[in-house]
Each structure stands twice: as structure tokens, then as C-alpha cells.
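Here are my notes on this one, jotted down as I went through the model. Have the viewer open while you read.

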Amino acid sequence: MKGFKPSAPFLLLLPAMIVLAAVVVVPLLLSLYSSFTPFRLTRPETFYVFIGIRNYLSILSNTDFWWAFGRTVLLLTIALNLEMLLGLGLAMLVEKATRGQRILRTLMMFPMMFSPILVGFQFKFMFNDNIGLVNNALQSLGITQDAIPWLIEGHLAFIAISIAEIWSSTAIFAILILAGLLAMPKEPIEAARVDGCTPWQTFRYVTWPFVMPFAYIAMTIRSLDVARAYDIVKIMTDGGPAGRTELLWTLVARTAYSDGRMGMANAMAYFSILLSIAFTVYFFNKLAAARTQIGAEW
Amino acid sequence: MDENSSARLKRRLLGIVYRIGLFLAMLTICLPGLWIVISSLRPTVEIMAKPPVWIPQEISFDAYVAMFSGIGKGGIPVIEYFRNSLIISVTSTVIAVAIGMAGGYAFARYRFRGKSGVFLGLMLTRTVPGIALSLPLFFLYVRLGIIDTHFGLILAYVALNVPFTIWLIDGFFRQVPKDLAEAAQIDGCTRWQAFWQVEFPLAGPGIASAAIFAFLTCWNEFALASQLTRSVSAKTLPVGLLDYTAEFTIDWRGMCALAVVMIIPALTLTYIVQKHLVGGLTSGAVKG
């Protein structure tokens, strides 16, 4: 008699599947359901009232939500692009170093060791209008006499948050791009130079295509935890002043835990989940494409 | 001759510009951390001083002493938070690595239908923002009565870490040549023995660094911990950091000291694994 015999990879992946199903998939289905109810924490009976897509409709007309959504996308665009550029620059600086490269590499990874919450706190401290390092330095250098209200004025607070975000995550790009630069064969560069390429051309057509998959790995990793910005914002401004730095995630947390409107918060959360998934799928595809390109050329 | 010397001058100038650039970059990276350490060692008066005091006039460890001398004195129960953080992080790391080894091995050694689909699916579960996940988990945990317990947070962290440990461990197993295990099997090992005696030791350092990475993720996690824990019995250090902020005032020095306490384990562990970490993430980037 032949029974059902599951394959080895299936058995090996089973524990992972079970845990993820229990802690991620099932709760997400639950939250999908509750996004169709007017569920409030204070009134448990509302969990069983089905109101269709009314939560989603009221989100569509909620300007606070769309501001937060736009701000989140803006922050991610600015942060990811600058992190990529700065990471590339940093990696090339370190790669050029002839001595002490190991130490430089360790220093470069320094911000990665900070948890986002520490990053938030540290920049809150530095950008403090009264005792912060930034204002103290500006005043001591005589650049300005006023205490610049970094975290109190809306636009400045957004800039401060972007700086914190960029500081904390540039390292991921830098180490992975550096790994790419170090793994790169030297012959193509020499060949390009012999053939009379300018440094820019060498970079653009030889180095960059090779390093690109590494940059996409960094992008994929980053997109896995773009929501780290929640911790930073929560600490630095908590969405203030007057909601000027409210991101999708802080808005979800506020709606759910401060206002207790779980149903509405879950509907909002689904938007932020879709945003994250879109990011990841996009970069994952880029990564796959870049890999095959490399495979074809080298 | 003239051309030669101007070229030499140009190269020297470029060298200087390069050094300045490198120095500024490293300064930007290190300064914020250094500032925290310095601030934790100086009296509050100096932190608050106007005009600012740049060079610390006196060094004191008061903030650390206060922090570890219990509630009442330091204001917050750091020792309990530290204990919670340690228990939760270590337990969930061990479980996540065990599960990750099984999964990573499956991806590295077997071909099966829908492989890249499964891999992407695993990664997608990781993209769910902690705060979005915390809403249903909060509700479920309250129902199951495991809110504000170690168990609840451990469960959540295992799920958080599994996709990434699978990615890393997959990379490390790929670096171990397939032939080695096959040779061992020809010599009479079972697949199970071949794994433990040949492949596992070779991938060992990589797996250790995946473990450390998982540990750091748990150690640093805030969004879930802040909603799923309520009291001293389960709060972790990142959540505890918020205890220093009162409504209008912040004990900057105490916060700095706690920050240093949090960062030291992370710093040491990251330093140990940095080499393997990059290797694990990028293996397969070039080979495909």
C-alpha cells in the first residue's frame, strides 16, 4: 500500500509555513475582516456588525489620511534615493582607501547597529531647539543667533526626520555596494581604460551594471522594513506638530490605540501593507532582472 | 616637464580632497553616537548649559549607577527590562534559526515547483509593517490571554525573523559545494549524517551570523513590543526607553545612558558577524 509521501522540501518548509500562517496570515485575514466592521475596542459587540466597504469609503474622503499617505511616499522616495546615492559614494570612498579599510568598513556599519528607536531618540536630542547639538553648533559658529525650531516647525521636522532616516539606513546600501565593488573582476575596468573610456564612462558602463544587483539586494532588504520609519517618527515628533509629520503608520497606530477605532485602523493598515508589498515586489523583480543580466554578461 | 609637475600637483590635490571627503563622511557617521556616550557621562547641568559646554568638565557615572540601583532611584526598572529583552530575544532567535535552517536547506539543495514563488511569498510576509500586524495580534492576544507575556512576543518575533533567516541561511548553504555532501553519502553516510557532519560545520559561521542578526532584530524591535506589552513583566528595553519621557520633560542623561546600555551588545555582536552577513546576503547575486 502506498500512502501519501510528502516531498523533503515540503517537510523542511512546513515549520516556517505553520509559524507564518499562525502569526501573520491568519491575523491578517482577521484584520481584513475587521476592516469591514465598525469595530471599536471599547465596544466588543461591534466586531460582529458588517458594514461592507464603508470604512474604505470614509478613508477615501479623509484628507488627513491622504496627507499621511502622500507624506509617507514622499519620505520613502527622498530617503531611498538619497540613501542609494550616498551609499554608493561612501562605498566608493572606502573602496579607494589603501590603508585601514577594515576599520573604515566597521565604522561604516556603525549606524546599522542602532535600533530605529535609538536613532529617533538620538536625533531628537541633537535637533532639540534649546540644547541640541545642531543648534549649539550653528550658534557657536555664528551662523545664526536664533534657536531654530527643528522639531517644532512642520517642514523642518520633516527634514529632520528624513536626515535621521537617511543616517540610519545608508549603511545597508554602502556595505552591500562595497561587497559588489570588491567582488568585481578587475579586467573589464582595465580593458575599458585601455580602450580609452573616461572615468565616467568606465563607471557608467562597466562598474555600475556589475554593482546594480547588489544595490537591488539592498533595496529589497530596505523595502522589507520601510516601516522602521514608524519608530523614528514616533519618538522624534509623534506625528506632530499638528499632524505635520504624520505618516501612514503613526496614523494607523493613533486611530487604533488612542481612538480605539480598530475597524477603521485596519482598513488604513491595509493601504500601508499594500504599499510595502508593492515596494518589495518591484525591487524583487528588478533584482531578478539584474541577476540574469549579470549572468549573461559575465 | 611642466605637464608632469602639474599632473603631480593635480593628483596630490585630488588625494587631499579625497581624504577630507572620507573624514567628513566618517565624522557624520560616528558623531551622533559619540555625542550620546559623552552626554551620558556628564552632569545634567552641563547638558542644559547655555552657552553650550563643548568639552566635558567632569565625568560621572551617576546616570548608570542610578539606572541599575532599582526603581525609586533611577526612575525606571531597567534590570527587569533587560531581563525581558534577553529572554525574549534569545528564545525567539533559537527557534527562528532552527526553522530557518530547515527552510534554507530546502531552498539551497532541492528543486521543487514554485520555488521562487514560495520564496517571494515568505519575503512578503516580512513586508507587513509591524504596526499593521500589531492590530490583529493585539486583538488575538487579548482573546487568548497572552498579551503582555514573554510567550506572545516570542511567537511574534519568531514569525518576524523566519523569512530573513531563511534568506541568509539559504545563501550560506549555497556556498557549501554540493559535491561534499554527495561524496560523504557515497562513503556511506545517510543524508542526515552528511548534513550534520559535513554541511552544517561548513555553513556554521554563516548560521551563527544569521542567529546574531535575528537576535538584533528582536533586541531592537519597537512597533510590536510597544503595543503587545503593557507592564514590567514583559516590556523590553526599546519600550522602556520611553519611560524617560514624561509629559513635558525628558531626562536626557538617563536616556543617553540607557541608549549606551542597549547599543553595547548590538555593537559587539555586529562587529563579530559583519563579514559573514554581507556574504550571506549577496551569495547568489552573482551566481544566480
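1. A word on terms before the overview: helices here are DSSP runs of H or I with at least four residues, strands are runs of E with at least two, and both are numbered from the N terminus. Keep in mind that this is a predicted model. On that count, chain A comes out with twelve helices and zero strands, so its element order simply reads α-α-α-α-α-α-α-α-α-α-α-α from the N terminus on.

2. Now the overall build of chain A. The C-alpha trace spans about 85 × 75 × 30 Å along its principal axes. Chain A has 298 residues, and 46% of them count as buried. Looking at contacts between residues at least 6 apart in sequence, 67% join residues at least 24 apart.

3. On to where the two chains meet. Chain A puts 71 residues into the contact and chain B puts in 68 residues. On the chain A side, helix 1 (residues 8-34) gives the most, with 14 residues. By class, that side of chain A divides into 55 nonpolar, 13 polar and three charged residues.

4. Helix 6 of chain A (residues 133-140) deserves a look. Which of its residues are buried? They are L133(A), N135(A) and N136(A). Viewed down the helix axis, the buried residues fall within an arc of 170 degrees, so they line one face of helix 6 of chain A. The cover over them includes helix 5 (116-126) of chain A and also helix 1 (2-41) of chain B. Just after helix 6 of chain A comes G142(A), with a positive phi of about 75 degrees.

5. Next, the pairing of helix 7 (residues 154-183) and helix 9 (residues 199-224) in chain A. Their axes come within 8 Å and cross at roughly 150 degrees. Angles over 145 degrees count as roughly antiparallel, and that makes helix 7 of chain A roughly antiparallel to helix 9 of chain A. The crossing of helix 7 of chain A with helix 9 of chain A is right-handed. Residues making the contact include F173(A), L176(A) and I177(A) from helix 7 of chain A, and F210(A), F214(A) and R222(A) from helix 9 of chain A. By class, the contact has 13 nonpolar, two polar and one charged residues.

6. Chain B has its own helix 7 (residues 150-175) and helix 9 (residues 191-220), which pack at an angle of about 150 degrees with their axes 9 Å apart. Helix 7 of chain B and helix 9 of chain B are therefore roughly antiparallel to each other, and helix 7 of chain B passes helix 9 of chain B in a right-handed crossing. Among the contact residues are Y157(B), L168(B) and F172(B) of helix 7 of chain B, along with E199(B), G206(B) and F213(B) of helix 9 of chain B. The class count for this contact is twelve nonpolar, four polar and one charged residues.

7. One backbone detail to check in chain B: D148(B) has a positive phi, near 60 degrees, in a residue other than glycine. Where does D148(B) lie? D148(B) is in the loop between helix 6 (130-144) and helix 7 of chain B. Is D148(B) buried or partly exposed? D148(B) has 17 C-beta neighbours inside 10 Å and therefore counts as partly exposed, since a buried residue needs 20 or more.

Definitions and conventions
Residues are numbered from 1 along each chain as its sequence is written. Chains are lettered from A and ligands numbered from 1 in the order in which they are written. This is a predicted model: local features need pLDDT of at least 70, side-chain atom pairs count only at pLDDT 80 or more; totals for chains, interfaces and linings use all residues. A residue is buried if 20 or more other C-beta atoms lie within 10 Å of its own, exposed if 12 or fewer, and partly exposed in between; C-beta atoms are placed from the backbone. The arc is that of the directions from the helix axis to the C-beta atoms. Two residues are in contact if their C-beta atoms, placed from the backbone, lie within 7 Å. Ala, Val, Leu, Ile, Met, Phe, Trp, Tyr, Cys and Pro count as nonpolar, Asp, Glu, Lys and Arg as charged, and the others, Gly among them, as polar. Axes are lines fitted to C-alpha atoms, for helices over the stretch in contact, and angles run from 0 to 180 degrees between N-to-C directions. Angles under 35 degrees count as roughly parallel, over 145 as roughly antiparallel, 65 to 115 as roughly perpendicular and the rest as oblique. A crossing is left-handed if the near helix is turned anticlockwise from the far one by less than a right angle, and right-handed if clockwise.
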